[in-house]
Amino acid sequence: MKRYMNSALLYAALALAGGVFYREFTKFSGFSGKTALAVVHTHYFLLGMVFFLLLLVLEKSFAFSGPKTGRALALYHAGLNLTAVMLAVRGVTQVRGLSLTAGMNAALSGMAGIGHILLGFGLILLLLQLRAKVMSLAEN
């Protein structure tokens, strides 16, 4: 449970930093359009802080964590952070008005997509562990 709380705190701090960076960087650059930087804040808050707070409650209720939990969490953390970094990179290029080659544009989108896929796999693995625990409790 301690690691879930620590993860929630870490992602809350990253969400706040992402929000401040978005606000100040766009203001400093005189940018007023839409940018991917705007969603870094929400990704870290919802998929980071809120998700790990929910895991904390679920762990307290069902004690579902097992030997495979670390691998699922590693996938989830990697996916969330890869996604957030790619969103930040995309957002900085948008604010700066940088022209990307077709290959660079595809690489940024591809890496963000891989981050989302890792997030999805990590989530599914955690849900399968939770399901197994709930089903075993229901049988008793």
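**Labels and the values behind them**

Author: Start with Q129, which is found in helix α4, residues 102-139. Keep in mind that this is a predicted model.

Reader: What makes Q129 count as buried?

Author: Its relative accessible area is 14%. Buried means under 20%. Q129 has 14%, so the label holds.

Reader: Which residues does Q129 touch, beyond those up to four places away in sequence?

Author: They are F64, G66, K68, T69 and A72. Contact here means heavy atoms within 4.5 Å.

Reader: What does the side chain of Q129 reach, and how do you know that it is a polar contact?

Author: The side chain reaches the backbone oxygen of K68 at 3.3 Å. The limit for a polar contact is 3.5 Å between N or O atoms. The value of 3.3 Å is within that limit, so the pair qualifies.

Reader: Now T93. Where is T93 found, and is T93 buried or exposed?

Author: T93 is found in helix α3. Its relative accessible area is 10%. The cut-off for buried is under 20%, so T93 is buried.

Reader: Which backbone oxygen lies 2.6 Å from a polar atom of the T93 side chain?

Author: That of R90. Polar contacts are pairs within 3.5 Å, and 2.6 Å passes. With neighbours within four places in sequence set aside, T93 is in contact with L98 and L100.

Reader: On to helix pairs. Why are α1 and α2 called roughly antiparallel?

Author: Helix α1 covers residues 2-29 and helix α2 covers residues 38-62. They pack at an angle of about 165°, and their axes are 8 Å apart. Angles over 145 degrees count as roughly antiparallel. The pair is therefore roughly antiparallel. The crossing of α1 and α2 is left-handed.

Reader: Which residues make the contact of α1 and α2?

Author: On α1, they include Y4, M5, A8, Y11, L14, A15 and Y22. On α2, they include V40, H41, Y44, F45, F52, L56 and E59. By class, the contact has 18 nonpolar, five polar and one charged residues.

Reader: How far apart are L56 and A15?

Author: They are 41 residues apart in sequence and 19 Å apart in space, C-alpha to C-alpha. L56 is found in helix α2. Setting aside neighbours within four places, L56 is in contact with M1, Y4 and M5.

Reader: Why are α1 and α3 called roughly parallel?

Author: Helix α3 covers residues 69-96. The axes of α1 and α3 cross at roughly 5° and come within 11 Å. Angles under 35 degrees count as roughly parallel. The pair is therefore roughly parallel.

Reader: Which residues of α1 meet which residues of α3?

Author: R3, Y4, S7, Y11, L14, F21, F25, T26 and S29 in α1 meet T69, G70, L73, H77, L80, N81, V92, V95 and R96 in α3. These residues divide into nine nonpolar, seven polar and two charged.

Reader: Last, the whole chain. How many helices and strands does it have?

Author: Four helices and zero strands. From the N terminus on, the order is α-α-α-α. The C-alpha atoms fill a box of roughly 60 × 30 × 20 Å along the principal axes.

Reader: What share of the 140 residues counts as buried?

Author: 32% of them. As for contacts with a separation of 6 or more, residues 24 or more positions apart account for 85%.

Note on methods:
Residues are numbered from 1 along each chain as its sequence is written. This is a predicted model: local features need pLDDT of at least 70, side-chain atom pairs count only at pLDDT 80 or more; totals for chains, interfaces and linings use all residues. Side-chain values use heavy atoms; hydrogens and water are left out. Axes are lines fitted to C-alpha atoms, for helices over the stretch in contact, and angles run from 0 to 180 degrees between N-to-C directions. Helices (H or I, at least four residues) and strands (E, at least two) are DSSP runs, numbered from the N terminus. Angles under 35 degrees count as roughly parallel, over 145 as roughly antiparallel, 65 to 115 as roughly perpendicular and the rest as oblique. A crossing is left-handed if the near helix is turned anticlockwise from the far one by less than a right angle, and right-handed if clockwise. Ala, Val, Leu, Ile, Met, Phe, Trp, Tyr, Cys and Pro count as nonpolar, Asp, Glu, Lys and Arg as charged, and the others, Gly among them, as polar. Buried means under 20% relative accessible area, exposed over 50%, partly exposed in between (1.4 Å probe, protein chains only). A polar contact is a pair of N or O atoms within 3.5 Å; within protein, one must be able to donate a hydrogen and the other to accept it, and residues adjacent in sequence count only if both atoms are side-chain atoms.
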